[in-house]
Amino acid sequence: MRFAYYPGCSLHSTGREYDASFREVCARLGLEPDEVEGWTCCGASSAHATSRLLSVALAADNLARVETAGHKDVVVPCASCFSRFKDATHEIESDPGMKAEIGGILGRPFSNSVKTIHPLELLDKMGEEGRLGAAPVKEMPGVRAVCYYGCLLTRPPKVTQFDDCEYPMSMDRLLGRFGVRTLDWSYKTDCCGAGFGLTRPAIVCKLVKKILDNASAAGANVVAVACPLCHANLDSRQADLNRAGGNGAGPGAYKMPVLYFTQLIGLALGAAPESLGLGSHLVETAPVLGMMR
Amino acid sequence: MDLTPTQVIHAVRLGLRDLVLDSKTIWICASCETCTTRCPQEVDIARVMDAARILARREGRRPRIPEVAAFHRSVLESLRMFGRLYELGAIGALKLRTMRLTEDLDLGLRMFKKGKFRFIPAFANVLATNRIFRRVKKAERART
(Lines give C-alpha, C1' and ligand atoms only; values in the text may rest on other atoms or scores of the structure.)
Protein backbone atom coordinates (compact mmCIF):
# COMPACT_ATOMS: atom_id res chain seq x y z
CA MET A 1 0.00 0.00 0.00
CA ARG A 2 1.32 3.44 -1.01
CA PHE A 3 0.45 6.71 0.67
CA ALA A 4 1.86 10.21 0.95
CA TYR A 5 4.20 10.66 3.90
CA TYR A 6 4.88 14.02 5.58
CA PRO A 7 7.71 13.64 8.12
CA GLY A 8 7.91 17.27 9.26
CA CYS A 9 10.93 19.17 10.60
CA SER A 10 11.41 17.29 13.89
CA LEU A 11 11.52 13.87 12.20
CA HIS A 12 14.43 15.12 10.11
CA SER A 13 16.29 16.41 13.17
CA THR A 14 15.84 15.79 16.91
CA GLY A 15 13.18 13.15 16.26
CA ARG A 16 14.93 11.24 13.50
CA GLU A 17 14.55 7.90 15.37
CA TYR A 18 10.80 8.26 14.82
CA ASP A 19 11.34 8.66 11.06
CA ALA A 20 13.81 5.74 10.94
CA SER A 21 11.62 3.39 12.98
CA PHE A 22 8.44 4.34 11.08
CA ARG A 23 10.16 3.58 7.77
CA GLU A 24 11.56 0.32 9.15
CA VAL A 25 8.11 -0.81 10.34
CA CYS A 26 6.54 0.19 7.00
CA ALA A 27 9.13 -1.87 5.10
CA ARG A 28 8.42 -4.91 7.25
CA LEU A 29 4.63 -4.53 6.91
CA GLY A 30 4.75 -4.03 3.15
CA LEU A 31 3.78 -0.35 3.28
CA GLU A 32 5.31 2.22 0.93
CA PRO A 33 5.46 5.76 2.30
CA ASP A 34 5.98 8.28 -0.50
CA GLU A 35 7.62 11.38 1.02
CA VAL A 36 5.89 14.58 -0.10
CA GLU A 37 8.25 16.32 -2.49
CA GLY A 38 9.43 19.78 -1.45
CA TRP A 39 7.45 19.76 1.81
CA THR A 40 7.77 22.81 4.03
CA CYS A 41 7.16 23.44 7.73
CA CYS A 42 3.50 23.22 8.84
CA GLY A 43 3.95 26.34 11.01
CA ALA A 44 3.71 24.34 14.25
CA SER A 45 2.64 26.23 17.37
CA SER A 46 4.27 29.51 16.37
CA ALA A 47 2.11 30.22 13.32
CA HIS A 48 -1.22 29.85 15.12
CA ALA A 49 -0.01 32.06 17.97
CA THR A 50 0.89 34.74 15.43
CA SER A 51 -1.72 34.67 12.66
CA ARG A 52 -4.76 32.49 12.08
CA LEU A 53 -4.55 32.83 8.31
CA LEU A 54 -0.82 32.05 8.24
CA SER A 55 -1.32 28.85 10.24
CA VAL A 56 -4.00 27.59 7.84
CA ALA A 57 -2.03 28.65 4.74
CA LEU A 58 1.25 26.96 5.73
CA ALA A 59 -0.51 23.65 6.42
CA ALA A 60 -2.73 23.92 3.32
CA ASP A 61 0.36 24.54 1.16
CA ASN A 62 1.57 21.05 2.07
CA LEU A 63 -1.88 19.47 1.69
CA ALA A 64 -1.94 21.00 -1.80
CA ARG A 65 1.40 19.28 -2.54
CA VAL A 66 -0.18 15.97 -1.54
CA GLU A 67 -3.08 16.65 -3.93
CA THR A 68 -0.68 17.50 -6.74
CA ALA A 69 1.17 14.22 -6.19
CA GLY A 70 -2.16 12.45 -6.70
CA HIS A 71 -2.60 11.05 -3.19
CA LYS A 72 -5.84 11.01 -1.23
CA ASP A 73 -4.29 10.39 2.19
CA VAL A 74 -1.24 11.76 3.95
CA VAL A 75 0.31 9.95 6.90
CA VAL A 76 1.75 12.31 9.52
CA PRO A 77 3.57 10.83 12.55
CA CYS A 78 4.34 14.12 14.36
CA ALA A 79 1.42 15.00 16.65
CA SER A 80 1.96 18.72 16.12
CA CYS A 81 2.01 18.54 12.30
CA PHE A 82 -0.96 16.14 12.46
CA SER A 83 -2.89 18.67 14.53
CA ARG A 84 -2.03 21.58 12.20
CA PHE A 85 -3.14 19.65 9.10
CA LYS A 86 -6.38 18.53 10.75
CA ASP A 87 -7.02 22.08 11.92
CA ALA A 88 -6.47 23.56 8.44
CA THR A 89 -8.81 21.02 6.82
CA HIS A 90 -11.48 21.68 9.46
CA GLU A 91 -11.08 25.46 9.26
CA ILE A 92 -11.44 25.53 5.47
CA GLU A 93 -14.44 23.19 5.63
CA SER A 94 -16.25 25.22 8.28
CA ASP A 95 -15.52 28.74 6.99
CA PRO A 96 -17.04 29.30 3.51
CA GLY A 97 -14.78 32.24 2.61
CA MET A 98 -11.59 30.51 3.71
CA LYS A 99 -11.17 28.15 0.76
CA ALA A 100 -11.08 30.93 -1.83
CA GLU A 101 -8.82 33.06 0.33
CA ILE A 102 -6.36 30.19 0.85
CA GLY A 103 -6.47 29.40 -2.89
CA GLY A 104 -5.47 33.01 -3.58
CA ILE A 105 -2.64 32.92 -1.05
CA LEU A 106 -1.24 29.62 -2.35
CA GLY A 107 -1.61 30.82 -5.93
CA ARG A 108 -2.75 27.42 -7.18
CA PRO A 109 -5.91 25.31 -7.04
CA PHE A 110 -6.61 23.55 -3.78
CA SER A 111 -9.70 21.40 -3.24
CA ASN A 112 -9.11 20.46 0.41
CA SER A 113 -9.71 16.79 -0.35
CA VAL A 114 -6.74 15.19 1.43
CA LYS A 115 -7.32 13.14 4.56
CA THR A 116 -4.68 13.42 7.28
CA ILE A 117 -4.00 10.13 9.06
CA HIS A 118 -1.76 9.31 11.99
CA PRO A 119 0.30 6.08 11.76
CA LEU A 120 -1.51 4.87 14.90
CA GLU A 121 -4.84 5.13 13.07
CA LEU A 122 -3.43 3.48 9.95
CA LEU A 123 -1.87 0.52 11.76
CA ASP A 124 -4.69 0.11 14.29
CA LYS A 125 -7.22 -0.09 11.45
CA MET A 126 -5.06 -2.61 9.58
CA GLY A 127 -4.87 -4.65 12.77
CA GLU A 128 -8.64 -4.54 13.30
CA GLU A 129 -9.16 -5.75 9.74
CA GLY A 130 -6.48 -8.45 10.05
CA ARG A 131 -4.32 -6.81 7.36
CA LEU A 132 -1.04 -6.35 9.26
CA GLY A 133 1.48 -7.85 6.87
CA ALA A 134 3.76 -9.43 9.46
CA ALA A 135 3.63 -11.14 12.85
CA PRO A 136 6.03 -10.52 15.75
CA VAL A 137 9.15 -12.67 15.72
CA LYS A 138 10.51 -11.54 19.10
CA GLU A 139 8.77 -11.89 22.43
CA MET A 140 8.90 -9.16 25.05
CA PRO A 141 7.92 -10.90 28.26
CA GLY A 142 9.60 -8.34 30.51
CA VAL A 143 8.15 -5.21 28.94
CA ARG A 144 5.41 -3.37 30.83
CA ALA A 145 4.64 -0.26 28.80
CA VAL A 146 2.34 2.69 29.41
CA CYS A 147 1.08 4.43 26.27
CA TYR A 148 1.45 8.21 26.35
CA TYR A 149 -0.73 9.90 23.70
CA GLY A 150 -0.16 13.52 24.78
CA CYS A 151 -2.32 16.47 23.73
CA LEU A 152 -2.55 17.07 20.05
CA LEU A 153 -3.55 13.68 18.68
CA THR A 154 -6.71 13.59 20.72
CA ARG A 155 -7.65 17.24 21.18
CA PRO A 156 -9.83 19.00 20.27
CA PRO A 157 -11.83 15.87 19.34
CA LYS A 158 -14.14 17.54 16.82
CA VAL A 159 -11.06 18.57 14.83
CA THR A 160 -8.73 15.58 15.21
CA GLN A 161 -11.43 12.87 15.37
CA PHE A 162 -8.84 10.54 16.85
CA ASP A 163 -9.89 7.72 19.17
CA ASP A 164 -11.35 8.62 22.59
CA CYS A 165 -10.16 12.04 23.78
CA GLU A 166 -9.97 11.21 27.50
CA TYR A 167 -8.83 7.59 27.51
CA PRO A 168 -7.58 6.50 24.07
CA MET A 169 -6.75 2.81 23.50
CA SER A 170 -5.49 2.59 19.89
CA MET A 171 -1.78 2.48 20.82
CA ASP A 172 -2.48 -0.06 23.59
CA ARG A 173 -4.42 -2.24 21.14
CA LEU A 174 -1.78 -1.96 18.45
CA LEU A 175 1.18 -2.74 20.73
CA GLY A 176 -0.82 -5.67 22.15
CA ARG A 177 -0.99 -7.18 18.67
CA PHE A 178 2.81 -7.18 18.63
CA GLY A 179 3.08 -8.88 22.00
CA VAL A 180 3.82 -5.75 24.05
CA ARG A 181 2.03 -5.70 27.38
CA THR A 182 0.52 -2.29 28.17
CA LEU A 183 -0.85 -1.01 31.48
CA ASP A 184 -3.69 1.23 32.60
CA TRP A 185 -2.56 4.58 34.01
CA SER A 186 -3.77 8.13 34.60
CA TYR A 187 -1.59 10.39 32.42
CA LYS A 188 -2.30 9.15 28.88
CA THR A 189 -3.41 12.53 27.59
CA ASP A 190 -1.87 15.00 30.04
CA CYS A 191 0.43 17.74 28.73
CA CYS A 192 4.25 17.43 28.91
CA GLY A 193 4.79 21.18 28.47
CA ALA A 194 5.47 21.05 24.73
CA GLY A 195 7.64 23.89 23.40
CA PHE A 196 8.18 25.35 26.88
CA GLY A 197 11.21 23.05 27.08
CA LEU A 198 13.08 25.86 25.34
CA THR A 199 11.61 28.83 27.19
CA ARG A 200 10.42 27.63 30.62
CA PRO A 201 12.20 24.33 31.34
CA ALA A 202 11.07 24.39 34.99
CA ILE A 203 7.43 23.98 33.88
CA VAL A 204 8.36 21.04 31.67
CA CYS A 205 10.31 19.37 34.51
CA LYS A 206 7.30 19.66 36.81
CA LEU A 207 4.93 18.11 34.25
CA VAL A 208 7.40 15.39 33.17
CA LYS A 209 7.88 14.41 36.83
CA LYS A 210 4.13 13.90 37.30
CA ILE A 211 3.89 11.79 34.15
CA LEU A 212 6.91 9.60 34.97
CA ASP A 213 5.92 9.19 38.62
CA ASN A 214 2.48 7.95 37.58
CA ALA A 215 4.03 5.62 35.01
CA SER A 216 6.28 4.12 37.70
CA ALA A 217 3.42 3.86 40.19
CA ALA A 218 1.45 1.90 37.59
CA GLY A 219 4.38 -0.53 37.36
CA ALA A 220 5.69 0.50 33.94
CA ASN A 221 9.28 0.02 32.79
CA VAL A 222 8.85 1.71 29.38
CA VAL A 223 6.88 4.77 28.21
CA ALA A 224 5.63 4.50 24.61
CA VAL A 225 5.10 7.80 22.76
CA ALA A 226 3.79 9.02 19.38
CA CYS A 227 5.12 12.61 19.27
CA PRO A 228 8.68 13.94 18.84
CA LEU A 229 8.15 16.79 21.29
CA CYS A 230 6.73 14.49 23.99
CA HIS A 231 9.74 12.25 23.39
CA ALA A 232 12.22 15.11 23.69
CA ASN A 233 10.68 16.35 26.94
CA LEU A 234 10.26 12.95 28.62
CA ASP A 235 13.69 11.71 27.53
CA SER A 236 15.75 14.83 28.10
CA ARG A 237 14.38 16.10 31.42
CA GLN A 238 15.09 12.97 33.49
CA ALA A 239 18.68 14.12 34.09
CA ASP A 240 17.35 17.43 35.47
CA LEU A 241 14.95 15.58 37.76
CA ASN A 242 17.80 13.44 39.07
CA ARG A 243 19.92 16.54 39.71
CA ALA A 244 16.99 18.04 41.59
CA GLY A 245 16.91 15.09 44.00
CA GLY A 246 15.38 12.23 42.02
CA ASN A 247 12.18 10.57 43.15
CA GLY A 248 13.26 9.67 46.67
CA ALA A 249 14.48 6.22 45.60
CA GLY A 250 18.10 7.36 45.56
CA PRO A 251 20.18 9.42 43.14
CA GLY A 252 19.78 8.72 39.45
CA ALA A 253 16.41 7.12 40.10
CA TYR A 254 14.83 8.52 36.93
CA LYS A 255 15.95 6.22 34.13
CA MET A 256 12.70 5.37 32.36
CA PRO A 257 13.31 4.43 28.71
CA VAL A 258 11.01 6.44 26.42
CA LEU A 259 10.40 4.69 23.09
CA TYR A 260 8.39 5.63 20.05
CA PHE A 261 5.63 3.05 19.51
CA THR A 262 7.23 2.41 16.11
CA GLN A 263 10.48 1.42 17.84
CA LEU A 264 8.64 -1.14 20.00
CA ILE A 265 6.86 -2.59 16.96
CA GLY A 266 10.17 -2.63 15.06
CA LEU A 267 11.82 -4.59 17.88
CA ALA A 268 8.92 -7.08 17.94
CA LEU A 269 9.30 -7.54 14.18
CA GLY A 270 12.98 -8.36 14.63
CA ALA A 271 14.57 -5.10 13.40
CA ALA A 272 18.08 -4.30 14.61
CA PRO A 273 18.09 -1.72 17.46
CA GLU A 274 20.51 0.51 15.49
CA SER A 275 18.17 0.71 12.52
CA LEU A 276 15.46 1.95 14.91
CA GLY A 277 17.68 4.70 16.34
CA LEU A 278 17.70 3.22 19.86
CA GLY A 279 21.27 4.38 20.40
CA SER A 280 20.48 8.10 20.17
CA HIS A 281 18.22 8.42 23.21
CA LEU A 282 19.48 10.29 26.26
CA VAL A 283 18.06 7.74 28.71
CA GLU A 284 19.65 4.33 28.13
CA THR A 285 17.37 2.01 26.11
CA ALA A 286 19.51 -1.13 26.59
CA PRO A 287 17.34 -2.40 29.51
CA VAL A 288 14.45 -2.81 27.05
CA LEU A 289 16.55 -5.14 24.90
CA GLY A 290 17.19 -7.24 28.01
CA MET A 291 13.43 -7.72 28.43
CA MET A 292 13.14 -9.45 25.05
CA ARG A 293 13.78 -12.97 23.84
CA MET B 1 -0.20 32.22 35.30
CA ASP B 2 -1.73 35.43 36.65
CA LEU B 3 -5.31 34.81 35.43
CA THR B 4 -7.05 31.45 35.35
CA PRO B 5 -8.61 30.50 31.99
CA THR B 6 -12.06 31.23 33.49
CA GLN B 7 -10.92 34.71 34.49
CA VAL B 8 -9.61 35.35 30.98
CA ILE B 9 -13.00 34.47 29.49
CA HIS B 10 -14.80 36.67 32.05
CA ALA B 11 -12.43 39.56 31.37
CA VAL B 12 -13.04 39.21 27.61
CA ARG B 13 -16.79 39.35 28.18
CA LEU B 14 -16.40 42.46 30.35
CA GLY B 15 -14.27 44.14 27.69
CA LEU B 16 -11.22 44.38 29.99
CA ARG B 17 -8.83 44.54 27.06
CA ASP B 18 -5.67 45.57 28.88
CA LEU B 19 -6.14 42.99 31.61
CA VAL B 20 -6.27 40.18 29.04
CA LEU B 21 -3.71 41.39 26.51
CA ASP B 22 -1.18 42.34 29.19
CA SER B 23 -1.60 39.10 31.14
CA LYS B 24 1.01 36.38 31.54
CA THR B 25 -1.63 33.69 31.06
CA ILE B 26 -2.01 34.24 27.32
CA TRP B 27 1.73 33.53 26.87
CA ILE B 28 2.01 30.67 29.34
CA CYS B 29 -0.86 28.72 27.70
CA ALA B 30 0.74 25.71 25.97
CA SER B 31 -2.27 25.15 23.66
CA CYS B 32 -2.82 21.67 25.11
CA GLU B 33 -6.52 22.11 24.25
CA THR B 34 -7.75 20.46 27.46
CA CYS B 35 -9.96 23.42 28.41
CA THR B 36 -11.46 23.63 24.91
CA THR B 37 -12.18 19.91 24.98
CA ARG B 38 -13.81 19.89 28.42
CA CYS B 39 -15.72 23.20 28.52
CA PRO B 40 -19.41 22.35 29.07
CA GLN B 41 -20.42 25.58 27.27
CA GLU B 42 -18.22 24.68 24.30
CA VAL B 43 -16.14 27.83 24.60
CA ASP B 44 -12.98 27.41 22.50
CA ILE B 45 -10.68 28.77 25.19
CA ALA B 46 -7.45 27.76 23.45
CA ARG B 47 -8.56 29.75 20.40
CA VAL B 48 -9.31 32.76 22.60
CA MET B 49 -5.72 32.54 23.92
CA ASP B 50 -4.45 32.47 20.32
CA ALA B 51 -6.58 35.50 19.46
CA ALA B 52 -5.26 37.37 22.51
CA ARG B 53 -1.64 36.66 21.55
CA ILE B 54 -2.31 37.78 17.97
CA LEU B 55 -3.99 41.02 19.13
CA ALA B 56 -1.29 41.77 21.71
CA ARG B 57 1.37 41.47 19.03
CA ARG B 58 -0.59 43.48 16.48
CA GLU B 59 -1.08 46.30 19.00
CA GLY B 60 2.65 46.33 19.70
CA ARG B 61 2.22 45.44 23.37
CA ARG B 62 5.26 44.23 25.26
CA PRO B 63 4.63 40.53 25.91
CA ARG B 64 4.57 39.79 29.65
CA ILE B 65 6.57 36.60 29.05
CA PRO B 66 8.99 37.90 26.42
CA GLU B 67 10.87 34.62 25.89
CA VAL B 68 7.73 32.89 24.60
CA ALA B 69 7.13 35.65 22.05
CA ALA B 70 10.85 35.47 21.15
CA PHE B 71 10.47 31.71 20.63
CA HIS B 72 7.65 32.21 18.12
CA ARG B 73 9.60 34.96 16.33
CA SER B 74 12.69 32.73 16.07
CA VAL B 75 10.71 29.77 14.71
CA LEU B 76 8.91 31.82 12.04
CA GLU B 77 12.14 33.58 11.07
CA SER B 78 13.76 30.18 10.51
CA LEU B 79 10.80 29.11 8.40
CA ARG B 80 11.12 32.16 6.16
CA MET B 81 14.83 31.62 5.80
CA PHE B 82 14.80 27.91 5.01
CA GLY B 83 11.20 26.82 4.34
CA ARG B 84 11.65 24.35 7.17
CA LEU B 85 12.53 24.76 10.81
CA TYR B 86 16.30 24.72 11.29
CA GLU B 87 16.33 23.76 14.96
CA LEU B 88 19.92 24.74 15.78
CA GLY B 89 19.51 28.13 14.11
CA ALA B 90 16.18 28.85 15.81
CA ILE B 91 17.57 27.85 19.22
CA GLY B 92 20.59 30.08 18.65
CA ALA B 93 18.40 33.04 17.68
CA LEU B 94 16.21 32.45 20.76
CA LYS B 95 19.26 32.32 23.06
CA LEU B 96 20.55 35.61 21.64
CA ARG B 97 17.15 37.30 21.93
CA THR B 98 16.66 36.27 25.56
CA MET B 99 20.37 36.39 26.50
CA ARG B 100 19.96 33.11 28.36
CA LEU B 101 23.01 31.71 26.65
CA THR B 102 24.09 29.08 29.17
CA GLU B 103 20.70 27.66 30.21
CA ASP B 104 20.52 23.97 29.24
CA LEU B 105 23.99 24.14 27.70
CA ASP B 106 24.81 20.69 29.13
CA LEU B 107 21.60 19.25 27.67
CA GLY B 108 22.50 20.76 24.31
CA LEU B 109 25.92 19.11 24.49
CA ARG B 110 24.47 15.72 25.40
CA MET B 111 22.02 15.95 22.49
CA PHE B 112 24.89 17.02 20.24
CA LYS B 113 26.90 13.93 21.25
CA LYS B 114 23.92 11.70 20.45
CA GLY B 115 23.78 13.18 16.96
CA LYS B 116 20.36 14.72 17.58
CA PHE B 117 20.99 17.96 15.71
CA ARG B 118 21.21 18.52 12.03
CA PHE B 119 24.03 20.94 11.29
CA ILE B 120 23.33 21.93 7.74
CA PRO B 121 19.87 23.41 7.24
CA ALA B 122 17.61 21.82 4.63
CA PHE B 123 16.20 24.32 2.15
CA ALA B 124 12.71 23.74 0.76
CA ASN B 125 10.57 26.05 -1.34
CA VAL B 126 11.91 29.18 0.36
CA LEU B 127 10.52 31.60 -2.22
CA ALA B 128 7.05 30.06 -2.21
CA THR B 129 6.99 30.10 1.60
CA ASN B 130 7.94 33.75 1.68
CA ARG B 131 5.25 34.51 -0.84
CA ILE B 132 2.72 32.96 1.56
CA PHE B 133 3.95 35.16 4.41
CA ARG B 134 3.67 38.29 2.21
CA ARG B 135 0.22 37.46 0.89
CA VAL B 136 -1.08 36.67 4.37
CA LYS B 137 0.19 40.01 5.63
CA LYS B 138 -1.45 41.82 2.71
CA ALA B 139 -4.78 40.03 3.22
CA GLU B 140 -4.74 40.86 6.92
CA ARG B 141 -3.93 44.54 6.29
CA ALA B 142 -6.80 44.78 3.83
CA ARG B 143 -9.13 43.43 6.51
CA THR B 144 -8.26 45.90 9.27
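In this predicted model, strand β5 (residues 144-148) of chain A is joined by two bridges to strand β6 (residues 181-182) of chain A, and the two strands run parallel. Within this pairing, A:Arg144 stands opposite A:Arg181 in β6(A). β5(A) also pairs in the parallel sense with strand β7 (residues 222-225) of chain A, here over four bridges, and A:Tyr148 has A:Val225 in β7(A) as its bridge partner.

How much of β5(A) is buried? Four of the five residues of β5(A) are buried, and the strand is accordingly described as mostly covered.

Turning to helices, the axes of helix α3 (residues 52-68) of chain A and helix α5 (residues 98-106) of chain A come within 10 Å and cross at roughly 75°. Angles from 65 to 115 degrees count as roughly perpendicular, and α3(A) and α5(A) are therefore roughly perpendicular to each other. On the α3(A) side the contact is made by A:Val56, A:Ala57, A:Ala60, A:Asp61 and A:Ala64, which meet A:Met98, A:Ile102, A:Ile105 and A:Leu106 in α5(A). By class, the residues of this contact comprise eight nonpolar and one charged, with no polar residue.

At the level of domains, chain A is divided into domain 1 (2-119) and domain 2 (137-290), whose C-alpha centres lie 24 Å apart. The contact between these domains takes 24 residues from domain 1 of chain A and 25 residues from domain 2 of chain A. On the domain 1 side, the elements that give two or more residues are α1 (16-29) and α4 (79-94) of chain A, and α1(A) gives the most, with nine residues. That side of domain 1 holds nine nonpolar, nine polar and six charged residues.

Between the chains, the contact takes 43 residues from chain B and 41 residues from chain A. Several helices of chain B give two or more residues to the side that touches chain A, namely α4 (34-38), α5 (45-58), α6 (66-82), α7 (87-98), α8 (105-113) and α9 (126-143). The most comes from α9(B), which gives eight residues to this side. The side of chain B that touches chain A is made up of 19 nonpolar, nine polar and 15 charged residues.

Notes. Residues numbered from 1 in each chain as written. Chains lettered and ligands numbered in written order. Predicted model: local features only at pLDDT ≥ 70, side-chain atom pairs only at ≥ 80, totals over all residues. Contact = placed C-beta atoms within 7 Å. Nonpolar A, V, L, I, M, F, W, Y, C, P; charged D, E, K, R; others polar. Domains from an automatic or database assignment. Axes fitted to C-alpha atoms, helices over the stretch in contact; angles between N-to-C directions. Parallel < 35°, antiparallel > 145°, perpendicular 65-115°, else oblique. Buried ≥ 20, exposed ≤ 12 C-beta atoms within 10 Å, placed from the backbone. Pairing = 2+ DSSP bridges.
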